[in-house]
Amino acid sequence: MHIRFGPFTLDLDTRQLTRDDHEIHLAPKAFDLLATLAEDRPRVVSKKVLMDRLWSGTFVAEANLSNLVAEIREALGDRAGAPVFIRTAHRFGYAFCGDATTSPGRRDTATARPACWLEWDKQRFPLSTGEHVIGRDPDADVRLDGSTVSRRHARLVVTADGTVLEDFGSKNGTFLGGERVTSPVPLADGDAVHIGTVLVTFRVRALMSTDTRAWPTR
């Protein structure tokens with residue numbers, strides 16, 4: 001799905017924000033917030049609902065949400081005092097207030113399953129194209145609650161060519177197949193990765209799969 005507003009295009013398929021065909025970087029959670037507000041426009045979405053969507057099951061300070069809104073406004077050249085795209089509903093939440101149009105993308109993101117994901121315990125973390133930080137930090141894209149997991153422990157970079165794992169110089173290390181990761185390494189379906197002592201499994205969906213079951217949410 002593509003959402004176009006002003007000179008901007010928000011591509012929910014590729015998770016890209018562009019202005020006149022030039023990509024503008026947004027942190028993953030900032031992108032998710034902008035997508036949520038744009039899809040729910042012009043309705044005001046409460047801070048509680050937004051925080052539940054962005055940090056499900058995790059307590060975070062409200063300032064984290066404010067910081068994401070500030071990042072989005074900076075990327076769009078928007079101002080809180082004279083909003084063109086992101087409006088603040090005082091003491092309640094935020095709304096997308098700009099004129100926008102929606103058109104189909106290359107796939108229906110409401111039902112399509114991701115090409116790859118991480119499994120941990122009973123949770124699944126879908127991995128879209130781009131960078132995914134793994135750690136204990138509430139803002140981590142893949143949040144693992146373990147005493148041996150650093151706040152920003154490692155990252156996965158997903159591209160059309162595959163997925164690469166990289167350690168961030170963590171105290172307790174990242175291990176693939178029992179070997180400590182000291183430089184970026186590619187992952188394959190079924191790879192067992194230890195983030196500290198926490199075991200996660202990398203999975204890749206078969207491109208020709210005929211499985212039509214709905215993708216489970218976490």
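Predicted model: local features only at pLDDT ≥ 70, side-chain atom pairs only at ≥ 80, totals over all residues.

Reader: How many helices and strands does the chain have?

Author: There are three helices and 19 strands. Both are DSSP runs numbered from the N terminus: helices are H or I with at least four residues, strands are E with at least two.

Reader: And how much of the chain is buried?

Author: Of the 218 residues, 41% are buried. Buried means under 20% relative accessible area, exposed means over 50%, and partly exposed is in between, using a 1.4 Å probe and protein chains only.

Reader: Let's look at helix 3. What length should it span, and does the model agree or disagree?

Author: Helix 3 covers residues 62-76, and its 15 residues should span 21 Å at 1.5 Å a residue; the end C-alpha atoms are 22 Å apart, which agrees. The expected span is 1.5 Å times one less than the number of residues.

Reader: Which of its residues are buried?

Author: In helix 3 those are Leu65, Leu68, Val69, Ile72, Arg73, Ala75 and Leu76. They sit on the same side of helix 3, because they cover an arc of only 160° around the axis. That arc is taken from the directions from the helix axis to the C-beta atoms.

Reader: What about the other side?

Author: Over there, Asn67 and Glu74 of helix 3 are exposed.

Reader: What comes just after helix 3?

Author: Gly77, and this residue takes a positive phi of about 70°.

Reader: How does helix 2 pack on helix 3?

Author: Helix 2 (residues 47-54) packs against helix 3 at an angle of about 90°, and the axes are 10 Å apart. That makes the two roughly perpendicular. On the helix 2 side, Lys47, Leu50, Met51 and Leu54 make the contact, and on the helix 3 side Glu62, Leu65 and Leu68 do.

Reader: Got it. And at what angle do helix 1 and helix 3 pack?

Author: Helix 1 (residues 28-39) and helix 3 pack at about 80°, with axes 9 Å apart. They are therefore roughly perpendicular to each other.

Reader: Switching to strands: what order does the five-strand sheet have?

Author: The order is 12-11-13-14-17, in an open sheet with mixed pairing. Strand 12 (142-143) and strand 17 (185-186) stand at the edges with a single partner strand each, so one side of each has no neighbour in the sheet. Two strands pair if DSSP finds at least two bridges between them.

Reader: Which way do the partners of strand 11 run?

Author: Strand 11 (residues 130-135) runs parallel to strand 12, joined by two bridges, and Gly135 stands opposite Arg143. With strand 13 (residues 154-159), strand 11 pairs in the antiparallel sense over five bridges, and there Ile134 stands opposite Ala154.

Reader: Is Thr163 buried or exposed?

Author: Thr163 counts as buried, at 6% relative accessibility. Thr163 lies in strand 14 (residues 162-167). Leaving aside neighbours within four places in sequence, Thr163 has contacts that include Cys116, Val185 and Phe202.

Reader: And where is Thr148?

Author: Thr148 is in the loop between strand 12 and strand 13, and is buried at 18% relative accessible area. Among the residues in contact with Thr148, neighbours within four places aside, are His153, Ile195 and Val198.

Reader: What's the bridge partner of Ile195?

Author: That is Val198 in strand 19. Strand 18 (residues 192-195) and strand 19 run antiparallel, with four bridges. Their hairpin has two residues between the strands, and Gly196 takes a positive phi near 65° there.

Note on methods: Residues numbered from 1 in each chain as written. Heavy atoms only, no water. Axes fitted to C-alpha atoms, helices over the stretch in contact; angles between N-to-C directions. Parallel < 35°, antiparallel > 145°, perpendicular 65-115°, else oblique. Contact = heavy atoms within 4.5 Å.
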